[in-house]
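The following exercises concern one protein chain and are each followed by a worked solution.

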Amino acid sequence: MSPIAYTATIIAVAVVLFVWNKLPVVVVAMLTTLALWATGVLTINQALGGFGDPAVVFIASLFVVSSGLEVTGVTAWAGQLLIRGAGEESRTRLLLLKMGLVSLLTALISVNGAVAALLPVVVVIAVRLKRNSSQLLMPLVFAAHAGSMLALTGTPVNVLVSEAGFDAGVGGFGFFEFALVGVPLLAGTMAIIVLFGKQLLPERNGATMPADFSRHAKTLVEQYGLASGIYQLRVRASSPFVGVQSSEVDLSAHPGLQLVAIQEGETGGPLRRTLVAEGDHLLIRGEGEAAAAFAAQMHLAFRDEKAAGHGEDTLFNRSSGLAEVVIPPRSGLIGERVFPGMVTESGDLIVLAVQRPGLETAALKAKGSGGIELQAGDTMLLQGTWKALDVHLDDPDVLVVNSPELVRRQAVPMGPGARQAIIILTAMVLLLATGIVPPAVSGLLAAGAIVLSGIMNVEQAYRAIGWTTVILVGAMMPLSTAMVETGAAKLMAEHLVNLVGDAGPVALLAGLFILTAIMGQLISNTATALIVIPIGVAAATAMGISPRPVLMSTAVAAAAAFLTPIATPTNLMVMGPGGYAFSDYWKLGLPLLIWFFVVSVFIVPLIWRF
């Protein structure tokens, strides 16, 4: 068999295996790469070259940046804004706002960057609103494809066709000239998704959807009887508590009030200093009137007048949080006595309450009563800074019910490090928009900044990368190389141009669109454009027409990568979180492909004349 025949056979088998959906997509992709090497179509360096491709490195770095935004609560904040703007009931408004946002972001930083940044936001929205992620994620990606035609920076293909225009002597395209077709493409995409998306998309979630922690704090404080009557009082400079030994702070003269803990003003953790200072906080429990009288008498200020008395706001905020732990059998803590306000051995966490199965809350006893002797199966509610919760709950003597890190990501908008994360994201967007450095470099710089700023450590950055997507993209890239190296792609393109060239310029646009769209479902749209552009320009010159409409039509066709998950990296990004199968893409993708065909063949020539 010839190299072209081998390549065609490998592509056909790979597509069948993807559609069959019985083997993991990563296994199919790796088998495809190995088959290209085993048949001699590619050398070993070419077959494995995709794993070192700058696009793969860029995608991996974007996962780290995206996770950094999620860890710091920027994602939760963006999700809350979208939910607030769209409302919880309006599917149409939510889709329009989401698609509008991703299309604008795509125009500035490319499809991959925009989808990677908004993917966790949309997952959070799906969880909060109890909607299937499959109904939201594919529209996100397809709107990004349409948004890539709004500006020159939307996709590398736009840059390629603009440079080809200069080379052909007809001039390039302006930065926003692409929007002349981009706006109709986006409007049509939005209309199709809003009108038919619900029927054409599956109703399912990804296998690893996160739990909804948006009401986590309220649930905990209600369960442990702390829903009201918890106050955080700040020590003013004039307070008599300033300079007093922390052990001497006594509320016995104030009936109905109980001191839970004294917190450092700087960190929000348990007081480590001997003396109380201005800015420290007294965490007390009791009646609202008694707390107000006590605060006025001792020159203390409520942390937040609007949230005063609401336990979830006082105990659960940007600086500190709550964690529920279970005492397992054979725990070293069995037999230990605890009481509310007790500081753990690490000195960073405060015991707020204990519950025992089958009994009412067995906590909140006075310190002098000796507290409660822990038994297997008891649950404790602990409070401390987010960092302390992350560090000190990795202990075999307790089982954490919900990971504080996961809770913070969802429930604490704009938490610690959010400002740095936004600055890093903005810098990356500027680097991508200006093209000062290659996209892979801007992604690596942003990911490195996320680690160096302390938002995530190296181990967390490794875990943040979606390795399935990275391996899949890297393993499928050699297919583009094989198509070019064997001459299969060029042979297909030349036969098509010869077939439709005599039928007129509109037929030429239709033929080039079909070729570009078909190839773009299997190989990189950038590689497809590199193959089709010179053939289209040559055909236009031979027919005596302007290459400009041919070039713009090719760009539109390259963006119509809707029918398969392997068409673009972003299609693959949402496959897992959306719970999609290989055959799910074409159902919504086909109507969009038809709309892109109409714009490419009939609207483009009205704007850029032959």
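A salt bridge is taken here as a side-chain nitrogen of Lys or Arg within 4 Å of a carboxyl oxygen of Asp or Glu. The model is predicted, so local features require pLDDT of at least 70 and side-chain atom pairs pLDDT 80 or more, whereas totals for chains, interfaces and linings use all residues. Residues are numbered from 1 along each chain as its sequence is written, and side-chain values use heavy atoms, with hydrogens and water left out.

**Exercise 1.** Determine which parts of the chain the salt bridge between Arg356 and Asp378 links, and classify both residues by burial.

Step 1. The side chains of Arg356 and Asp378 form a salt bridge with an N to O distance of 2.8 Å.

Step 2. Arg356 lies in the loop between E8 and strand E9 (372-373), and Asp378 in the loop between E9 and strand E10 (379-385); the pair thus links distant parts of the chain, 22 residues apart. Helices (H or I, at least four residues) and strands (E, at least two) are DSSP runs, numbered from the N terminus.

Step 3. Residues are called buried under 20% relative accessible area, exposed over 50% and partly exposed in between (1.4 Å probe, protein chains only). Arg356 is buried because its relative accessible area is 17%; Asp378, at 0%, is also buried.

**Exercise 2.** How many salt bridges are counted in total, and what does the pair Glu177 and Arg548 tie together?

Step 1. The count comes to eight salt bridges.

Step 2. In one of them, the side chains of Glu177 and Arg548 meet at 2.9 Å, N to O. Glu177 is in the loop between helix H9 (156-167) and helix H10 (179-200), and Arg548 is in helix H23 (residues 547-559), so the pair ties together parts that are 371 residues apart in sequence.

Step 3. Arg548 is buried, as its relative accessible area is 17%.

**Exercise 3.** Describe the nonpolar surface patch that contains Trp20.

Step 1. A nonpolar patch joins side chains of Val, Leu, Ile, Met, Phe, Trp or Tyr within 5 Å, from residues with over 30% relative accessible area and no salt bridge. Accessible areas come from the Shrake-Rupley method with a 1.4 Å probe; for residues, only the protein chains shown count as cover.

Step 2. The members are Trp20, Leu23, Val27, Leu31 and Leu34, with about 440 Å² of accessible area together.

Step 3. Helix H2 (residues 25-38) supplies the largest share, three residues. Leu23 is located in the loop between helix H1 (3-20) and H2; at 32% relative accessibility, Leu23 is partly exposed.

**Exercise 4.** Summarise the overall architecture of the protein.

Step 1. The secondary structure comprises 26 helices and 11 strands.

Step 2. The C-alpha trace spans about 100 × 45 × 45 Å along its principal axes.

Step 3. Of the 610 residues, 53% are buried.

Key:
Patch = residues over 30% accessible without salt bridge, like charges linked within 9 Å, V, L, I, M, F, W, Y side chains within 5 Å.
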